[in-house]
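Hi,

Here is the structure for you to look over. My notes follow below it.

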Amino acid sequence: MWRTRAAAACVICRSLANSSYGIKRKSPLQNLHLISRSIHHPYYPSSKFQRPPLRISIQLFSSLNRLPLRKIKLLNVKYGYQFHRNFWLARLASRLLKLRYLILGSAVGGGYTAKKTYDQWKDMMPDLDEYKWIVPDFIWELDEHIDFEKLIKAIPDADELAKLLPDFDKIGESFTSLKGFFSPGSPGETAFRATDQGYDNDKQYKKGLLGELILLQQQIQQHEEETRRAAGQYNMGSSQQKRKVSDKEKVDQLQEELLRTQLKYQRMLERLEKENKELRKLVLQRDDKGIHQSKLKKSLIDMYSEVLDILSDYDASYNTQDHLPRVVVVGDQSAGKTSVLEMIAQARIFPRGSGEMMTRSPVKVTLSEGPHHVALFKDSSREFDLTKEEDLAALRYEIEIRMRNSVKEGCTVSTETISLSVKGPGLQRMVLVDLPGVISTVTSGMAPDTKETIFSISKAYMQNPNAIILCIQDGSVDAERSIVTDLVSQMDPQGKRTIFVLTKVDLAEKNVASPSRIQQIIEGKLFPMKALGYFAVVTGKGNSSESIESIKEYEEEFFQNSKLLKTCMLKAHQVTTKNLSLAVSDCFWKMVRESVEQQADAFKATRFNLETEWKNNYPRLRELDRNELFEKAKNEILDEVISLTQVTPKHWEEILQKTLWERVSTHVIENIYLPAAQTMNSGTFNTTVDIKLKQWTDKQLPNKAVEVAWETLQEEFSRFMTEQKGKEHDDIFDKLKQAVKEESIKRHKWNERAEDSLRVIQHNALEDRSISDKQQWDAAIHFMEETLQSRLKDTESVIEDMVGPDWKKRWLYWIGRTKEQNIRNETKNELEKLIKCNEEHAAYLANDEVTTVRKNLEARGITVDPCLIKDTWHQIYRRYFLKTALNHCNLCRRGFYYYQRHFVDSELECNDIVLFWRIQRMLAITANTLRQQLTNTEVRRLEKNVKEVLEDFAEDNEKKVKLLTGKRVQLAEDLKKVREIQEKLEAFIEALHQEK
């Protein structure tokens, strides 16, 4: 731009530049351009030429003020005849004025920009007026309740305190103790580091809310410093100041006043914390109403507790690398473990007894914060309201019942863990495990191995290197009687994860002759064990009906008046269950943060190993765990039950008819047909048959038919359940299917009314003697021949066993007869001769005939018993009768014509054919009736029973473990558990990092 304007200069400018008159000077290039522009202006003659203001050029080029300008040497200009003077002072002033305007303009622009930015940020900030209710009103009026100036004036200065002090030699020991009380770094301090950290965090939290109270604490600390300085001044001049004994009392009063001030401050903090609990409760309750738009996620401690529950189910014997932190509560029996746990949970949730063992199994208690004070079990959805006494009683009863159910027969304690979750406002988040109390002697009623079992359970939990051991010691008994301290020192020799708690300090102060013994315990000098910290607590007066609030008040009152605290034997942060709870919670989360990632890596490696083993052993199978396998087997069983409804009616009736005849044929032949066949005429035969059939139908036949139907249903059901399905068959389900089948059959009961209706149907069928056509006649003859031939074959087999093999078998197979068989063979020959002599012989031998046969055999040197003769005769006559009946069947094949004429004018009588027709028709009708009942009623009832059994098995984990076994199942189960543990651990670690 500069070059363009220079090129546009006129000829007059060049002539002026070449003229010899004028003053040489250097000026900005823009000045040259303006001069040339003014010379050519028609309204300004050269005689009246004035130099334009310099600031115009600055305004024109202010947009380029940041660019570096090129310094160009200007030509000498001569302004005609006008004389130009060189006023350097004026030029310097003008330049300073320009700089002032630059600074002023920049300041105004920057201020405007800053104000605009401030307004924008102010508009972006949310309106917090709606949340003023979170802070109580009395916090803003704290100055009105506490007069800090009066409190400062009430505290004497160092000079006045020195005048009141008596002889240092007499009270030096008292001031040394006082100095140790106020000094945080004294040699005698055994302060718990986690507790101090918890107090720091608590102060940091209350800094914004309780500024006035913090000021009060600073005033107390200032007073403590003045007291120490006064003690130092007195140490230099103690030999010159001798006072009376009353001075010592004044010092004691001053010390008590300081203690009361500190307790007053602590009570005020507790009151504010209580208010904070209520406010938190209100906030959590209003989350559902839209005050907080973000949804509540699962709490961190609940996520961690779920991991521990899965680990407990995965490996109850602690054989895996389960090194996740827990707070393990151990102690001697009746030492107060349960009471300490209840004070931490702020509810009387455990069953209590006087001197009796109440904790019979480990109880895992997960403490978390919530709007309502409730408790619930892991496997139950019922919530117990801990603010109601009836719910507390029900919870204690439920815990006691669960403990007793977990104890196996013949045992006193159990290793099965009871998982309980307690939520409430202000509860410290942690996981505690209450173990059975350690005993020294097994009393009557206990199992002999009770002591060893309790030791093994305690060691199993304490040997976890990341478990925090809460060692409970009864302060009211002699320290030499403690058992648990030796056990804890074995598990944690260095005391890096042990917290020692001395209970019943109120009784100890009354009973112990030397209070310094309690101080030795708290300082860790009496017991051989080591610990991170030592605490002294009071858990009530021993009355089981005391409430938590009354116990807290009693504990606070005791330590306020206790000499142990006044004489500095105990420090303020080492007393009360409140401080204990804070310390344990801090230690627990510190241990969790240090070890949880390492445990997640360990389970990740375990998962990789299990997956590799599965791929190598079962490459073509899915990784189905026990529950998934059970669901698959359940579907297969239900499909097989449904297959029963697809069986054809013809198949059912054939099986039922065949099975029923096999069951009743012996009775029909032996008790009905044979006795009736011994009669002399047809009338007597029919009468005998009718009587015996009626008796049979009334007493035995319906019941036999129902039994046959039920057995047939079982056989068909078993056939479908055990049928091989080719390559798809999985033998891992065989035990489960067998158990389901047996249990379903056991539960199934046949309809009792079926027998009554069946009896009527069978009786009507047997009463019908009419054969309508020749086909039915031939069917009856065929049925009778098959039955008689089957009986004849069985009789021949029996006779052969009695008399031994015939001459063909003896020659071919070199088989001989025994002595008894020889005797029976000779007897058989004699009896056959008797039948040949009288073909119409009766079914039974007369006594004289038995005697004749026996004498004939004795004549040949064979001694025979009469019973043997009768037994042999029964089989021989039976064979003869069956052969005769078969011959009669052949004769009756052409007897249907005579049957239609009722055998009039005929020597042929076929009443036995009519009998077998009645039997056959009764079997067919009975089979049809049973088939209808099976398909319409019993199969559906069986299917219902199978479903109920499967549902019961699905809820019984022990049943599933017993029925679904094998390496494949166990490997899949372990793989599923490890995956679940790893995933939940990773989710927990992510949430833990977000909380940080």
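In H24, the buried residues are Arg626, Leu629, Phe630, Ala633, Glu636, Ile637, Leu638, Glu640, Val641 and Leu644. Buried means under 20% relative accessible area, exposed over 50%, and partly exposed in between (1.4 Å probe, protein chains only). Helices (H or I, at least four residues) and strands (E, at least two) are DSSP runs, numbered from the N terminus.

This is a predicted model: local features need pLDDT of at least 70, side-chain atom pairs count only at pLDDT 80 or more, and totals for chains, interfaces and linings use all residues. Residues are numbered from 1 along each chain as its sequence is written, and side-chain values use heavy atoms, without hydrogens or water.

H24 covers residues 626-644. Its buried residues pack against helices H25 (649-677), H27 (701-722), H28 (734-747), H36 (911-955), H37 (957-963) and H38 (967-995). Contact here means heavy atoms within 4.5 Å.

The chain has 38 helices and 9 strands. Of its 996 residues, 42% are buried.

There is 1 disulfide (a pair of cysteine sulfur atoms within 2.5 Å). Cys892 pairs with Cys910, with the sulfur atoms 2.1 Å apart. The S-S torsion is about -100 degrees, so the disulfide is left-handed. Cys892 sits in the loop between H34 (866-891) and H35 (896-900), and Cys910 in the loop between H35 and H36, so the pair ties together parts 18 residues apart in sequence. Cys892 is buried at 0% relative accessibility. Cys910 is buried too, at 0%. Cys411 is partly exposed at 38%, and Cys867 is exposed at 58%.

Best wishes

Definitions and conventions:
Expected span 1.5 Å × (residues − 1).
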